[in-house]
Amino acid sequence: MKKIALIAAVVTILCSCAEKNLKPWEKGGFETGEYRNVFAEMGYSQDEIDAKLQKVFYEVFFGPDKVYFPVGDDMGYISDIKNHDVRTEGMSYGLMIAVQMDRQEIFDRLWRWSKTYMQHQDGPLKGYFAWSLNTDGTRKAEGPASDGELYFVTSLIFASNRWGNDGDINYLAEAQNILNYSWEKDGSEGVRPFINKENHLITFVPEGFGANFTDPSYHLASFYEVWARWADDGRADFYRECAAASREYLHKSINPETGLNPDTNQYDGSMFPGNRWFTPAFRYDSWRVPMNIALDFSWSNCDREWQTNYANTIQQFFYGKGIDSFVDQYCVDGSDVNDILPAGNEDMKVQALRHSVGLVATLAAATLAADNEISKEFVQRLWESENVPYEDGYFDAYYDGLLRLFAFMHLSGNYRVIAPIVSNQ
């Protein structure tokens, strides 16, 4: 009887959704302060939605396969478990999740660990963060990866807006510190600003050869809109130019027929030529682009025509590959890759194509901008997803887990612009 009731409930949800397509909103959160709850539009109850979001959050931060680890009385880190390290990517994602979920203790623990062990306090890299560390705080690499700084700054500004700066951590001052030190880099000793001052685009890394190109998945135009409003560092016009430049860059970087982009490319959006190791392709970093564009649509909603066309195009591409069978790496033109980028570490270097839950998640998040007939199927697949080991034994609690959590936040209306609290006094 329980099975029959469950089937009936699913049929009811699908039938209610089939009556009309999900429709993107015409204004963004910066203007309205409101955010779509796509799961509610699909027919799920608010109690179900709240319980699901809390379950996914618990799995990532506290469950048996958690990636968050408190340290001592006041610090903590997020680990890429399969690679046995702590990355600025994961730490800054953790900060964003914590401030969005109003979990100040988690935020403060992650920030203290980041500042203590990751952030350079002197030398040419002063103010930047070493991108990979061992879990004991010793560094595996010294150089920064620019997406970490991007998320650190935005998360700190949101923390300032949500909790104020009168406690143990002056969040706004920490964000301004990162921006100021970056701005002062002049290229001497090979270190540059993590945002290229000439073209207003984020660097892949702000040192050496990596400063000469970028990564499409690093481009979050609405983050710059946040900085323009609340960084309070005198560079608002520059940040607005960064937002516009990022949107224009994505137009050039994404294949208009497939919606796919490579992991890295040149500042003008053109592809790197292939090399003897791997040809440019839609791979792991690229998964983030659908969700990033959905975020810009949800918050700013100022590039809506192109972004809706993009969301439709990429969902239609993967739907055509089989919504339950598409794989996680393709050439940008949509053809099959000739070389598979492996995942894992030296202990378990698995070279295989998978139907990865991280990509399932970001494609579902793209529904915020889509107006097609199939987007609800992507949302349903996310709702039903579980982050468990694949058939080959590969398991990624970290990257798949974090992207899945972000997608649930987006589609439940819980990934928001956090504006300063306005006193009524």
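This is a predicted model: local features need pLDDT of at least 70, side-chain atom pairs count only at pLDDT 80 or more; totals for chains, interfaces and linings use all residues.

Residues are numbered from 1 along each chain as its sequence is written, and side-chain values use heavy atoms, with hydrogens and water left out.

**Overall build**

The protein chain has 15 helices and four strands, where helices (H or I, at least four residues) and strands (E, at least two) are DSSP runs numbered from the N terminus. Its radius of gyration is 21 Å, close to the 22 Å that the globule rule gives for 425 residues, so the chain is as compact as a globular protein of that length; the radius is taken over C-alpha atoms, and the rule is 2.2 Å times the number of residues to the power 0.38. Along the principal axes, the C-alpha atoms fill a box of roughly 65 × 65 × 45 Å.

Of the 425 residues, 60% count as buried, a class that means under 20% relative accessible area, with exposed over 50% and partly exposed in between (1.4 Å probe, protein chains only). Among contacts in the chain with a separation of 6 or more, 68% come from residues 24 or more positions apart, contact meaning heavy atoms within 4.5 Å. The accessible surface comes to about 17,800 Å², and 50% of it belongs to carbon and sulfur atoms; these areas come from the Shrake-Rupley method with a 1.4 Å probe, and for residues only the protein chains shown count as cover.

**The nonpolar core**

In soluble globular proteins, nonpolar side chains tend to be buried together. Here the largest nonpolar core has 129 residues, and those with the most contacts inside it are Phe107, Trp227, Trp299 and Phe318; such a core is a set of buried Ala, Val, Leu, Ile, Met, Phe, Trp, Tyr and Cys residues joined through side-chain atoms within 4.5 Å. Apart from this core lies another, of five residues, among them Ala311, Ala366, Ala369 and Ala370. Not counting residues up to four places away in sequence, Trp299 touches a list of residues that includes Gly28, Phe30, Phe158, Ser222, Phe223 and Tyr415.

**An enclosed helix**

Nine of the nine residues of helix α13 (residues 357-365) are buried, so this helix is largely enclosed by the rest of the structure. Its buried residues, including Val357, Leu359 and Leu363, pack against α11, α12, α14 (375-384) and α15 (399-411).

**Single residues**

The table gives the relative accessibility of several residues.

| Residue | Relative accessibility and class |
|---|---|
| His84 | 47%, partly exposed |
| Glu189 | 67%, exposed |
| Asp233 | 17%, buried |
| Ser300 | 17%, buried |
| Gln307 | 3%, buried |
| Lys321 | 33%, partly exposed |

His84 lies in the loop between β2 (75-80) and β3 (85-87), and has a positive phi of about 55 degrees although it is not a glycine. Glu189, in the loop between α8 (171-184) and α9 (221-230), has a positive phi near 60 degrees and is likewise a residue other than glycine.

Ser300 belongs to the loop between α11 (288-299) and α12 (304-320). Leaving aside neighbours within four places in sequence, Ser300 is in contact with Gly28, Phe30, Ser222, Glu225 and Arg247. Ser300 and Phe223 are 77 residues apart in sequence, and their C-alpha atoms are 9.8 Å apart in space. Gln307 is placed in helix α12 and, with neighbours within four places in sequence left aside, is in contact with Ile293, Asp296, Phe297 and Ala369.

Asp233 is found in the loop between α9 and α10 (236-253), where, leaving aside neighbours within four places in sequence, Asp233 is in contact with Leu179 and Tyr239. Asp233 and Asn177 are 56 residues apart in sequence, with a C-alpha to C-alpha distance of 9.7 Å. Lys321, in the loop between α12 and α13, touches Phe326, Tyr330 and Gly334, not counting residues up to four places away in sequence. The C-alpha atoms of Lys321 and Tyr284, which are 37 residues apart along the chain, are separated by 18 Å.
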